[in-house]
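Let's take a walk through this structure together, starting from a single atom pair and widening the view step by step. Keep the viewer open as you read.

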Amino acid sequence: MTPILPDSLLVLERGWLSANNILFFEGEQATLVDSGYVTHAGQTVALVGHALAGRQLTRLVNTHSHSDHIGGNAALKAAYDCEIIVPAGLHAAIADWDEDALLLSPLGQQSARFQHDSLISAGAEIAMGGLNWQALAVPGHDMEALAYYCPEKRILISGDALWENGFGVIFPELFGEADGLLHTRQTLEMLSRLPIDAIIPGHGRPFASIDEAFERAFRRIAQFENNIEQLAWHAIKVGVSFAMLERRSIPRERFADFVFSLPFAVDVNARFLGMTPDALVAKVERELLLVNALRLEDGMFVAG
Amino acid sequence: MSAMLQSPCINICKMDAASGLCIGCWRTIDEITVWSRSDDAARSHILAAVARRRMENEPETGHPTKNSTDHD
Ligand SMILES: [Zn+2]
């Protein structure tokens with residue numbers, strides 16, 4: 001079921017390469033949550049401009065610093081001179097534009113550099129669309145990520161911490177940087193105790209089937225806890241698919257080099273799976289074709 | 001509100017200046033903007049318009065021309 005959302009917010013539903021953008025109306029002003037992927041920034045600015053209908057975009061708030069959520073920040077700043085507000089834990093990574101910490105280099109992704117104007121910390125409250133939202137720490141997919149929760153309307157803006165079907169790849173676990181599995185579980189437990197009627201996820205449509213989403217998410221984290229190789233394999237497939245969405249198409253004979261050019265895929269394989277390069281590419285090819293994340297057209301692999 | 005129809009977005013999210021349509025999903029800026037607030041009746045209206053534009057542009061395959069997807 002599609003939830004009924006307040007009139008003071010509008011979800012610009014995007015795809016997988018660009019995260020959803022959520023626009024909040026505040027009289028003559030407006031606030032946006034997340035800005036999509038950099039190659040889509042022109043459309044993001046146009047969509048926001050159309051929805052603003054003469055209002056002024058004064059603030060842009062991010063849930064976390066992955067490329068599909070911050071890629072339009074620079075373009076929106078240039079177009080609207082809005083204040084950019086990011087989760088406090090990301091201050092250094094953004095200020096220094098640390099392409100490893102921002103996962104740009106490991107995943108072979110691009111972004112456009114921006115500077116934030118201020119920080120928001122877990123526990124803070126922010127008014128958006130005439131409603132009060134609590135910033136909640138949701139470590140797991142990203143250790144510094146924030147979700148935004150409105151107790152009055154029982155709405156959660158979950159970013160990539162929870163989707164209708166699963167959650168974002170648990171990168172910190174795979175990089176050996178933090179106990180990402182444990183944090184993901186604890187984040188899900190914390191969120192599942194909140195009274196929620198509607199979730200606006202980072203990707204996919206807003207949804208009201210909350211219990212089912214938590215059931216799927218808990219089932220999935222249990223699978224990963226029992227079998228870390230499953231997480232590693234899932235992450236490689238997602239990483240390659242995402243990179244292909246940006247690339248669009250590639251000659252079949254160059255696909256292997258493309259996979260090897262993604263440090264994340266190579267590192268995760270070396271650390272968790274230990275497949276030979278040929279076996280890795282063959283398996284990625286086979287499984288992405290199977291789920292239509294790749295299509296073979298005239299000797300070219302095309303993103304699904 | 002019942003809205004089960006899926007978004008036609010295929011992650012090629014760039015507007016064609018001449019036609020005013022997204023080169024990936026053939027929707028106007030307004031149609032993309034209102035999608036999440038649209039019920040299935042409105043969505044099927046948009047999807048029908050998308051199908052019609054596709055046919056008019058490239059009747060044989062219904063795919064956008066190669067040039068128009070080349071956005072790198
Ligand atoms: Zn993310």
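Predicted model: local features only at pLDDT ≥ 70, side-chain atom pairs only at ≥ 80, totals over all residues.

On the chain B side, Ser36(B) sits in the loop that runs between helix H1 (29–34) and helix H2 (40–57) of that chain. Is Ser36(B) buried or exposed? Its relative accessibility is 10%, and because buried means under 20%, Ser36(B) counts as buried.

Now zoom out to the whole boundary between the two chains. Here 26 residues of chain A are in contact with 21 residues of chain B. The size of an interface is often given as the accessible area lost when the parts come together. For chain A and chain B that area is about 2,200 Å², with 51% of it on carbon and sulfur atoms. Within chain A, the residues that lose the most area to chain B are Glu13(A), Gln43(A) and Arg248(A), and together they make up 26% of what that side buries.

What kinds of pairing cross this boundary? The rule finds 9 residue pairs in polar contact between chain A and chain B, both residues being at pLDDT 80 or more, while the count of salt bridges across the same interface is 0. On the side of chain A that touches chain B, the elements giving two or more residues are strand E1 (9–12), helix H1 (41–52) and helix H9 (228–247). Of these, H1(A) gives the most, with 5 residues. Sorted by type, the residues on this side of chain A divide into 13 nonpolar, 6 polar and 7 charged.

Where they meet, 24 residues of domain 1 are in contact with 17 residues of domain 2. The area buried between the two domains of chain A is about 1,800 Å², and carbon and sulfur atoms give 69% of it. Leu17(A), Leu174(A) and Phe224(A) supply 35% of the area that domain 1 buries against domain 2, more than any other three residues.

Turning to the pairs across this domain interface, the rule finds 6 residue pairs in polar contact, again with both at pLDDT 80 or more, and 0 salt bridges. Helices H2 (67–70), H5 (104–107), H6 (171–174) and H8 (210–226) of chain A each supply at least two residues of the domain 1 side. The largest share of that side, 4 residues, comes from H8(A). By type, the domain 1 residues that touch domain 2 divide into 12 nonpolar, 9 polar and 3 charged.

Let's finish with one more residue of chain A. Tyr149(A) lies in strand E9 (residues 146–150), and at 4% relative accessibility Tyr149(A) counts as buried. Which backbone oxygen does the side chain of Tyr149(A) reach? That of Pro195(A), at 2.5 Å. Leaving aside neighbours within four places in sequence, the contacts of Tyr149(A) include Trp133(A), Leu136(A), Ile155(A), Leu194(A) and Ile196(A). As a pair to locate in your viewer, Tyr149(A) and Gln109(A) are 40 residues apart in sequence and 29 Å apart in space, C-alpha to C-alpha.

Note on methods:
Residues numbered from 1 in each chain as written. Chains lettered and ligands numbered in written order. Heavy atoms only, no water. Buried < 20%, exposed > 50% of the residue type's maximum accessible area, 1.4 Å probe, protein only. Contact = heavy atoms within 4.5 Å. Buried area = accessible area lost by both parts, 1.4 Å probe. Salt bridge = Lys/Arg side-chain N within 4 Å of Asp/Glu carboxyl O. Polar contact = N/O pair within 3.5 Å; in protein donor to acceptor, adjacent residues only side chain to side chain. Nonpolar A, V, L, I, M, F, W, Y, C, P; charged D, E, K, R; others polar.
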